[in-house]
Amino acid sequence: MRNIIIIAIICYIVCMGIILSYSHTNVDYKEDVVIVLGAGVVNGKVSKTLQSRLDACIDYYNKNKDIYIVVTGGLTRQKDTTEAAAMREYLISNGIPDNIIIVEDKSQSTFENYKFTKKILEDKKIKHDSIVFVTNSFHIYRAKTYSEFCGFKSSHALSTKTDLFVFIPALIREVLGVIDMWLFKLH
């Protein structure tokens, strides 16, 4: 039993190391599409974590206005509004033109964010040779892996800061998400 616990701890530490090694921004501001991954809505408004992602998207837009922005995320636990609808409203209220925002409002996971977004972009014949996804640093490895798995040829990360009180539990949860991805999703 002791050996199993030691092996589990080593695996957990290795997984955490992989996650943290990906936790940086690598955009070149020449991408075709920005995909903002959902992160929670409270009473119809974006959460603090999601707001930081949207603010990073706005900053990106101010450096590259020749893009489309995809906001992703379906209904939340509260079932009053989709993450994508709240994100769209936030972006518009902060000066982003409505005509460049694409809403993907069916997904319930990072994998589905990409799967449904890819179909929307292909159906609309929107160039997506190079994308940038916006998420928190702890989520970049899994988000990058899923983007490639779903067929995005070139995906770049735009990392946002995470409050420390959110970072530690999020990193623990992310390790479990990565293990789940390795074991059950990439087949």
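Reader: Which residues form one aromatic cluster with Tyr22?

Author: Tyr22 forms one aromatic cluster with Tyr141 and Trp182. This is a predicted model in which residues are numbered from 1 along each chain as its sequence is written, local features need pLDDT of at least 70, side-chain atom pairs count only at pLDDT 80 or more, and totals for chains, interfaces and linings use all residues. Side-chain values use heavy atoms, with hydrogens and water left out.

Reader: How many aromatic pairs does a search of the whole structure find?

Author: A pair of aromatic rings is described by the distance of the centres and the angle of the planes. Rings of Phe, Tyr and Trp (its six-membered ring) pair if their centres lie within 6.5 Å; planes under 30 degrees apart are stacked, over 60 edge-to-face, and the rest tilted. The search of the whole structure finds eight such pairs. One of them is Phe111 with Phe149: the centres are 6.0 Å apart and the planes at 50°, so this pair is tilted. Phe111 is in helix H4 (residues 110-123) and Phe149 in helix H5 (residues 140-149), 38 residues apart. Helices here are DSSP runs (H or I, at least four residues), numbered from the N terminus.

Reader: What are the distance and angle for the rings of Tyr141 and Trp182?

Author: Their centres are 6.3 Å apart and their planes at 75°, so the pair is edge-to-face. Tyr141 lies in helix H5 and Trp182 in helix H6 (residues 164-185), so the pair ties together parts 41 residues apart in sequence. Tyr141 is buried at 12%, whereas Trp182 is partly exposed at 35%.

Reader: Which ring does the charged end of Lys118 sit over?

Author: A charge sits over a ring if NZ of Lys or CZ of Arg is within 6 Å of the ring centre and within 35 degrees of the ring normal. The charged end of Lys118 sits over the ring of Phe152, 5.3 Å from its centre.

Reader: How many disulfides does the count come to?

Author: A disulfide is a pair of cysteine sulfur atoms within 2.5 Å, and the count comes to zero. For Cys57 the nearest cysteine sulfur, that of Cys150, is 20 Å away. Cys57 is buried, at 0% relative accessibility.

How values were computed:
Helix = DSSP H or I, 4+ residues; strand = E, 2+ residues; numbered from the N terminus. Buried < 20%, exposed > 50% of the residue type's maximum accessible area, 1.4 Å probe, protein only.
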